[in-house]
Amino acid sequence: MESWDSWVAAALSKLAGKRLLRSVRPISLPSSDPKVEAFDGPRPWDRSSVEVELDEQTFQEWLQELPNPDGELSCENEKGRKKMILFSGNDYLGLSAHPALRIAASEAARMHGMGPRGSALICGYTNYHMQVEGSLAELKSKEDCLLCPTGFSANMAFMTALGSISSLLSVNGKPSKDERIAIFSDALNHASIIDGIRLAEKQREAEVYVYRHSDMDHLSSLLSSCPLKRKVVVTDSLFSMDGDFALMSDLTKLRNKHHFLLVIDDAHATLVCGRNGGGVPESYECENDVDICIGTLSKAAGCQGGFIACSHKWKQLIQSRGRSFIFSTALPVPIVAASLASLTVARQEKWRRREVWSRVDDFRSLTLLPITSPIISLIVGNEAAALLASRFS
């Protein structure tokens with residue numbers, strides 16, 4: 001039986017024959033390698049990521065948009081109030097304001113400005129980018145990693161590269177229905193996954209099957225009845241709205257049975273889950289069963305950017321066929337320098353992860369709600385009811 005490794009290798013061979021293989025060549029920039037200072041507990045700057053202020057006009061405009069149970073808005077007790085506490089941000093570990101990130105970003109900016117401006121394949125890729133890719137590959141227990149401008153673009157790049165396999169390996173460049181890739185997607189997957197899949201489907205390179213949220217019986221049934229040989233299952237690892245985890249143990253069992261490519265979006269679990277912050281695969285001890293791990297640096301890392309942790313061959317394919325990677329300007333050097341510092345801090349300050357999960361436990365104990373992650377979904381009714389609840393939160 002043909003495997004995904006052989007299909008990717010064959011696709012790369014086709015690209016090489018057409019002289020369409022692309023690779024990045026890092027521009028070497030001097031680095032001051034600022035020392036990363038770690039701390040053994042919270043410091044005053046940790047609150048700056050959740051304590052914000054709105055100017056009077058913005059605050060009043062925000063109040064006017066919120067419903068009032070009597071149909072009228074009363075701001076008597078709120079006039080002049082500008083300070084707010086954010087419960088909706090993604091800076092899970094509070095790293096965005098950490099001194100190590102500030103120093104790394106400012107030093108890189110002082111030495112290089114924003115760095116070379118261009119796509120990674122032209123001139124935007126540097127030794128800074130390469131270091132972050134190496135650190136992420138190690139974190140995710142993968143051979144290699146591809147750094148992308150955003151998490152959204154990472155999912156788009158992977159999906160378009162995935163779909164291109166069917167075109168490259170088809171008889172005449174236009175895959176017939178039985179030559180297409182079967183993509184099985186959880187019903188509650190992130191919009192970036194959905195949009196990427198839609199693009200592959202629009203190109204007539206993929207057939208899409210949506211299974212009910214975390215319903216492994218439904219997924220198993222769809223897999224068993226699908227006649228296509230190239231199968232992919234893609235899922236969020238930690239769902240961004242409901243806060244529940246994908247059923248990784250069941251997914252790995254199905255993978256062993258049906259030999260599909262398992263792709264996860266680990267955006268909300270990276271640096272949050274697992275002893276070393278390796279995310280859901282580390283937490284569930286299934287790193288070897290996850291073939292592609294997509295993530296972001298704009299959540300727990302407190303920075304900006306996305307990544308695809310994968311094999312060397314997959315990286316080469318994605319950077320050759322992933323259009324949202326190819327045609328996007330690479331991340332600025334100061335952001336990449338801060339990201340590297342963030343990964344170092346997250347590795348050293350393990351207490352941050354413990355604090356997050358301690359608060360999850362406290363919330364569950366106090367409310368008796370069956371929450372399982374830092375993402376807490378409170379269902380209060382329709383949109384108006386949700387907006388009203390936010391006014392008094």
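Helix α1 supplies four residues to the lining of the second largest pocket, the largest share of that lining. Helices here are DSSP runs of H or I with at least four residues, strands are runs of E with at least two, and both are numbered from the N terminus. The model is predicted, so local features need pLDDT of at least 70 and side-chain atom pairs count only at pLDDT 80 or more, while totals for chains, interfaces and linings use all residues. Residues are numbered from 1 along each chain as its sequence is written, and side-chain values use heavy atoms, with hydrogens and water left out.

The second largest pocket holds about 440 Å³ of space. Its lining comprises 24 residues, and W4, D5, R255, L261 and D291 are the closest to its centre. Two or more lining residues come from each of α1 (4-17), α9 (248-258) and α11 (312-321). A pocket is an open set of points on a 1 Å grid over the protein atoms alone, with protein on both sides within 12 Å along at least five of seven lines; a cavity is a set where a 1.4 Å probe fits but cannot get out, and lining residues have an atom within 4 Å of a point. Points are joined across faces, edges and corners, and a volume is the space filled by probe spheres set on them. By class, this lining has ten nonpolar, six polar and eight charged residues. Ala, Val, Leu, Ile, Met, Phe, Trp, Tyr, Cys and Pro count as nonpolar, Asp, Glu, Lys and Arg as charged, and the others, Gly among them, as polar.

The largest pocket has a volume of about 2100 Å³. Of its 44 lining residues, L86, F87, S88, G89 and P374 lie nearest the centre. Helix α14 gives the most to this lining, seven residues. The classes are 24 nonpolar, ten polar and ten charged.

One cavity of 30 Å³ or more was found in a search of the whole structure. The largest cavity contains about 70 Å³ of space, and its lining has eight nonpolar, two polar and no charged residues. Among the lining residues are Y125, H129, C148 and F325.

Aromatic pairs were taken as rings of Phe, Tyr and Trp (its six-membered ring) with centres within 6.5 Å; planes under 30 degrees apart count as stacked, over 60 as edge-to-face and the rest as tilted. The count comes to six aromatic pairs. The rings of W4 and W7 have centres 5.0 Å apart and planes at 90°, so this pair is edge-to-face. For W4 and W314, the ring centres are 6.2 Å apart and the planes at 35°, so the pair is tilted. That pair links distant parts of the chain, with W4 in helix α1 and W314 in helix α11, 310 residues apart. W4 counts as buried at 7% relative accessibility, and W314 is buried with a relative accessible area of 4%. Buried means under 20% relative accessible area, exposed over 50%, and partly exposed in between (1.4 Å probe, protein chains only). Ring pairs join W4, W7, F158 and W314 into a cluster.

The largest nonpolar core has 60 residues, and L136, F184, L219, V233 and M248 have the most contacts inside it. Helix α13 (residues 333-348) contributes eight residues, the largest share of this core. A nonpolar core is a set of buried Ala, Val, Leu, Ile, Met, Phe, Trp, Tyr and Cys residues joined through side-chain atoms within 4.5 Å.
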